[in-house]
Amino acid sequence: MTTMTYEQAMEEFDPVFGIEVHVELNTKTKMFCGCANEFGAEPNTQVCPVCLGLPGAMPVTNQKAVESAIRLGLALGCSIRESSRFARKNYFYPDLSKDYQISQYDEPTCYEGSLDVVLDDGTVVTVAIERAHMEEDAGKNTHVGGSGGIQGADYSLVDYNRGGVPLVEIVTKPVTGMGDRTAEVARAYVATIRDIVRALGISDGRMEQGSVRADVNLSLRPKAVAGESQDDVPFGKRSETKNVNSLRAIERAVHFEAARQASLLLAGQPVVQETRHWHEDTSSTTPGRSKEEAEDYRYFPEPDLLPVQPSREWVEELRGTIPEHPAKMRARLREEWGFSDLEMRDVVAADALVLIADTVAAGATPQAARKWWMGELSRVANDREVALAELPVTPGAIAELQGLVDEGKINDKLARQALEGVLAGEGSPAEVVASRGLEVVSDDSALEKAVDEALAAQPDVLAKIQDGKVQAAGAIVGAVMKATRGQADAGRVREIILQRAGVEG
Amino acid sequence: MSSLERSDVARLAALARIDMTDADLDRLSGQLAVIVDAVAKVAEVAGEDVPATSHPIPMANIHREDVVRPSFAQDDALAAAPEAEDGRFRVPQILGEEA
């Protein structure tokens with residue numbers, strides 16, 4: 001069988017894709033019980049009768065999770081159902097404590113939306129959203145023995161801390177007509193969802209930690225012949241590649257599956273409708289269960305939970321909290337701030353956009369805000385191996401710090417020392433400046449005294465300056481700065497030196 | 001008008017992971033068919049204007065504040081586990097399914 005490339009596959013066939021994205025919400029507690037929803041705790045210490053599925057335990061919906069799901073639905077342009085309910089999805093797997101997952105089936109809370117996705121070259125593609133529904137996450141299996149994978153493992157260990165964590169699953173309608181840009185669109189779609197959940201503040205949106213996970217459905221169909229509409233050509237059999245957990249992997253999974261399916265079809269072999277596993281190391285997929293045998297979940301309405309009927313007033317109130325579409329906001333801010341494309345890309349890549357926007361809102365200029373967040377603060381965040389937003393400093397404090405510089409109270413060097421104090425929890429920039437005594441020495445008599453002392457220590461320099469070699473003043477400026485521990489205004493010091501030497505600057 | 005066949009019962013039993021003998025299947029096919037037929041009879045009565053009901057009591061929006069409540073200690077969580085190791089529930093090999 002000939003192995004095709006993605007490009008060849010796209011020449012021969014018309015691709016159709018769909019994506020299911022699972023977003024883990026950052027509520028304080030789980031979907032149906034009061035156990036903490038926090039990553040990284042000791043195994044099985046955030047569990048209770050509800051999320052362990054013990055007999056008689058009763059789930060109760062988390063109001064905040066419902067709110068987050070509705071806000072996400074609104075941000076995706078979805079309608080919000082007046083009455084929606086939960087359903088049980090029945091299957092057996094050790095990470096599922098109850099042997100069913102509480103999900104939504106025929107009455108999802110959010111349905112029929114659409115999302116504009118902006119590609120790198122500025123092309124806008126509108127992706128139709130089928131639904132966004134609430135459900136709960138499963139626990140985590142660890143396989144023991146063999147190679148650590150599921151194959152050949154001797155047994156498995158289960159931690160249910162993640163079991164019951166609230167998820168919203170967003171399902172697209174089939175996306176057609178993207179041709180060889182299919183992989184790019186798939187990637188950009190997931191990136192947009194990630195940006196939106198972060199902008200909404202409902203999830204940390206970290207794909208590497210699994211808080212945004214994607215399943216990629218792909219099928220190929222023949223290209224329409226002359227006189228035939230492509231829309232009339234039926235879809236081919238699709239594969240569903242599970243747990244594709246990085247943007248790069250989304251693109252690669254589409255590449256691999258398109259090439260694999262095209263190779264089969266051209267060799268006259270059928271594509272099997274099945275789920276497939278993604279392998280990050282080899283950028284390839286292998287078959288999982290086939291759909292026909294496994295997909296019988298016997299959904300039925302969850303009898304332990306009541307319908308969710310958000311009032312129209314509440315929905316409208318929530319609609320008012322929906323932030324601007326991230327790509328549109330980026331374009332607007334780049335214009336307002338006068339940043340170059342490259343500067344803006346760096347800011348976005350560093351997750352500094354919102355921080356800079358908030359710093360500007362607190363009174364700093366865009367340039368100053370960018371300088372702090374992309375310079376000193378990025379360096380500190382990098383050293384500490386944390387995200388910028390996790391640094392113990394607020395945009396307001398950075399604006400205040402810059403304000404002190406602009407007023408001439410401190411210079412850049414002192415500002416960095418003040419920031420160090422702020423990051424060490426010593427208080428606001430003004431407080432740190434006061435407590436550490438960082439204020440610039442602006443009292444002329446103190447500066448004059450320091451200049452006189454420096455000149456007295458280096459009489460040859462005074463002679464040079466009086467001789468017309470004004471640049472020699474630099475040595476005296478340096479000495480004064482040292483004597484005042486950097487707290488002098490270098491420009492003022494230079495003026496005083498020249499006055500003392502009887503030379504005009 | 002029973003719509004429930006013996007093969008349906010066998011499939012449901014397999015999905016629910018219940019081992020059934022041929023005699024079980026024979027007996028239960030008959031019994032379950034009676035139940036299914038009875039429900040179908042009720043469904044006939046409901047007209048177009050009666051919405052599907054999943055709860056007999058018309059209540060909605062019973063939610064909980066997003067406030068953390070105490071969880072089990074690890075030992076308590078694992079107390080009834082047939083086997084545990086390393087703070088986790090130990091389960092047999094998982095075969096032929098996804099990771």
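## Domains of chain A

Let's start with the layout: in this predicted model, chain A splits into domain 1 (6-308), domain 2 (324-436) and domain 3 (444-501). The centres of domain 1 and domain 3 of chain A, taken over C-alpha atoms, are 68 Å apart.

## Overall build

Chain A contains 18 helices and 16 strands. Its radius of gyration is 30 Å, whereas the globule rule gives 23 Å for 505 residues, so chain A is more spread out than a compact globule. Along the principal axes, the C-alpha atoms of chain A occupy a box of roughly 95 × 60 × 55 Å.

If you look at contacts in chain A with a separation of 6 or more, 69% of them join residues 24 or more positions apart.

## Where chain A meets chain B

Now for the partner chain: 47 residues of chain A are in contact with 33 residues of chain B. On the chain A side, the elements that give two or more residues are β2 (61-62), α2 (63-75), β9 (155-159), β14 (274-279) and β15 (284-290). Of these, β9(A) supplies the largest share, with 5 residues. Sorted by class, the side of chain A that touches chain B is made up of 20 nonpolar, 17 polar and 10 charged residues.

## A strand pair across the chains

Which strand of chain B pairs with β2(A)? The partner is β1 (residues 63-64) of chain B, and the two run in the parallel sense over 2 bridges. Here N62(A) sits opposite R64(B), a residue of β1(B).

Methods. Residues are numbered from 1 along each chain as its sequence is written. Chains are lettered from A and ligands numbered from 1 in the order in which they are written. This is a predicted model: local features need pLDDT of at least 70, side-chain atom pairs count only at pLDDT 80 or more; totals for chains, interfaces and linings use all residues. Two residues are in contact if their C-beta atoms, placed from the backbone, lie within 7 Å. Helices (H or I, at least four residues) and strands (E, at least two) are DSSP runs, numbered from the N terminus. Ala, Val, Leu, Ile, Met, Phe, Trp, Tyr, Cys and Pro count as nonpolar, Asp, Glu, Lys and Arg as charged, and the others, Gly among them, as polar. Two strands pair if DSSP finds at least two bridges between them. Domain bounds come from an automatic or database domain assignment. The radius of gyration is taken over C-alpha atoms; the globule rule is 2.2 Å times the number of residues to the power 0.38.
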